[in-house]
Amino acid sequence: MTHSENPSISIDSNHSINKLSAILETEAPREPKPQKSSRHLDILWLCLMILTIINAAIAEQAEPSFLVTLIICSIIVLKARLVIDYFMELKGASPYIYHLMNAYFYVFPVLALFVWLYPEQLVELIQLVP
Amino acid sequence: MNVQVIDTVIADEVSDEIAEENVKPFFDSKTIPGNPAIWVGIFSELTEFALFFVIYFLARAHYPAEFEEGPLHLHTLAGTLNTLVLISSSYFLVKGIFSLRNDRPNIAVRWLSLTLFCGACYFAIKLWEYQWNTAAGIDINTNKFFAVYYYTTFNHLLHVGWGSLGIIWSISQIKSGNFTADNHSGLIAAACYWHMIDLAWIVIFPLLYVIQ
């Protein structure tokens, strides 16, 4: 009886070959997926430019107030998130890097707001001699 | 070869693979853009900038009048232009990476050259701004605000220089065929460093030029 005439051997062999090819496929270097379009980057660039111009307009015209400072700090966070997520492509990267980068650009705008609101309390807090 | 032996070997390999997939390392090198070394550098630089920001906050708390007046004396247009230039440079860089991924190295080199041009524009605008300050009688000793302003912005300017060197190196690697659609982690590393410089300016610009 030949190999092909024995149905049990044939099924086992096919099963093994499928498994082997599956392993080889996972180990073989993968071709990068072709990028569909970078149109979203154009829109992001436009958004970042508009946010910068809003910041500049505030610098030139708005009177200092809590609301203005809050808007400025929010724009810092928004711009940083856009750059981190889409320009740096950290969304799919190591979560340690992604969250650390994001945290950095939340902490400093919040600190800026805190210092704007409570400068006297900060001075008291960091005085060496009471 | 016996089919059962092949089956056993394959089963072992498959179970090993499943086990490897289940054990998640603290840092998976596959999910680090560029390479781990560049991220040590990036976080070191961000720590340096963090120190500058902390100095700004402490100085502002101690000398509120100088920090409320300071932004009014700065060249807001120069600061705004530099922000627009840096954002555009980051955008051109990402477009370059997209072009290389699509196996168009010549187009990628053009985008990266635009990034480099933006870096040069940043230098020129900063020089113009410093000269304008000098003409207006502003220097590092004018008051605490301008001391913080000069230290922070000059430090940032130096980083734009390091970043530009990274972009020049990436362009040379693409031209020589070392960076391809499949292999360009060095370009990603240089790009991440450049974006870090852009991000630092995203904080510096409002702190020094906008918030009064």
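Here are some friendly notes on the two-chain model above, point by point.

1. A word on ground rules. This is a predicted model, in which local features need pLDDT of at least 70 and side-chain atom pairs count only at pLDDT 80 or more, while totals for chains, interfaces and linings use all residues. Residues are numbered from 1 along each chain as its sequence is written, chains are lettered from A and ligands numbered from 1 in the order in which they are written, and side-chain values use heavy atoms, with hydrogens and water left out.

2. Chain A first. Chain A has 5 helices and 0 strands, so its order from the N terminus reads α-α-α-α-α. Helices (H or I, at least four residues) and strands (E, at least two) are DSSP runs, numbered from the N terminus. Of the 130 residues in chain A, 36% are buried, where buried means under 20% relative accessible area, exposed over 50%, and partly exposed in between (1.4 Å probe, protein chains only). Taking contacts in chain A with a separation of 6 or more, 57% join residues 24 or more positions apart; a contact means heavy atoms within 4.5 Å.

3. Now chain B. Its secondary structure comes to 7 helices and 0 strands, running α-α-α-α-α-α-α from the N terminus. Chain B has 212 residues, and 53% of them count as buried. For contacts in chain B with a separation of 6 or more, residues 24 or more positions apart account for 81%.

4. Helix H4 of chain A deserves a look. H4 covers residues 95–117, 23 residues in total, and reaches 33 Å from its first C-alpha to its last, close to the 33 Å expected at 1.5 Å a residue. That expected span is 1.5 Å times one less than the number of residues. The buried residues of H4(A) include Ile97(A), Tyr98(A), Met101(A), Phe105(A), Pro109(A) and Leu113(A). What covers the buried residues of H4(A)? The cover includes helix H3 (66–87) and helix H5 (119–126) of chain A, together with helix H2 (36–62) and helix H7 (185–210) of chain B.

5. On to the aromatic rings. The structure holds 23 aromatic pairs over all chains; rings of Phe, Tyr and Trp (its six-membered ring) pair if their centres lie within 6.5 Å, with planes under 30 degrees apart counted as stacked, over 60 as edge-to-face and the rest as tilted. One of them is the tilted pair of Tyr104(A) and Phe108(A), at 4.9 Å centre to centre and 55 degrees between the planes. These two residues are 4 apart in helix H4 of chain A, so about one helical turn separates them. Tyr104(A) counts as buried because its relative accessibility is 13%, and Phe108(A) because its value is 9%.

6. Phe145(B) and Phe146(B) are edge-to-face, 5.1 Å centre to centre with 80 degrees between the planes. Phe145(B) counts as buried at 0% relative accessibility, as does Phe146(B) at 2%.

7. The largest cavity has a volume of about 70 Å³, a volume being the space filled by probe spheres set on the points. Its lining includes Ile58(A), Val68(A), Ile72(A) and Trp116(A), along with Val210(B), Ile211(B) and Gln212(B). Which element gives the largest share of that lining? H3(A) does, with 3 residues. The lining residues of the largest cavity divide into 8 nonpolar, 3 polar and no charged, where Ala, Val, Leu, Ile, Met, Phe, Trp, Tyr, Cys and Pro count as nonpolar, Asp, Glu, Lys and Arg as charged, and the others, Gly among them, as polar.

Methods:
1 Å grid on protein atoms, 1.4 Å probe; cavity = no way out; pocket = protein on both sides within 12 Å on 5 of 7 lines; lining within 4 Å.
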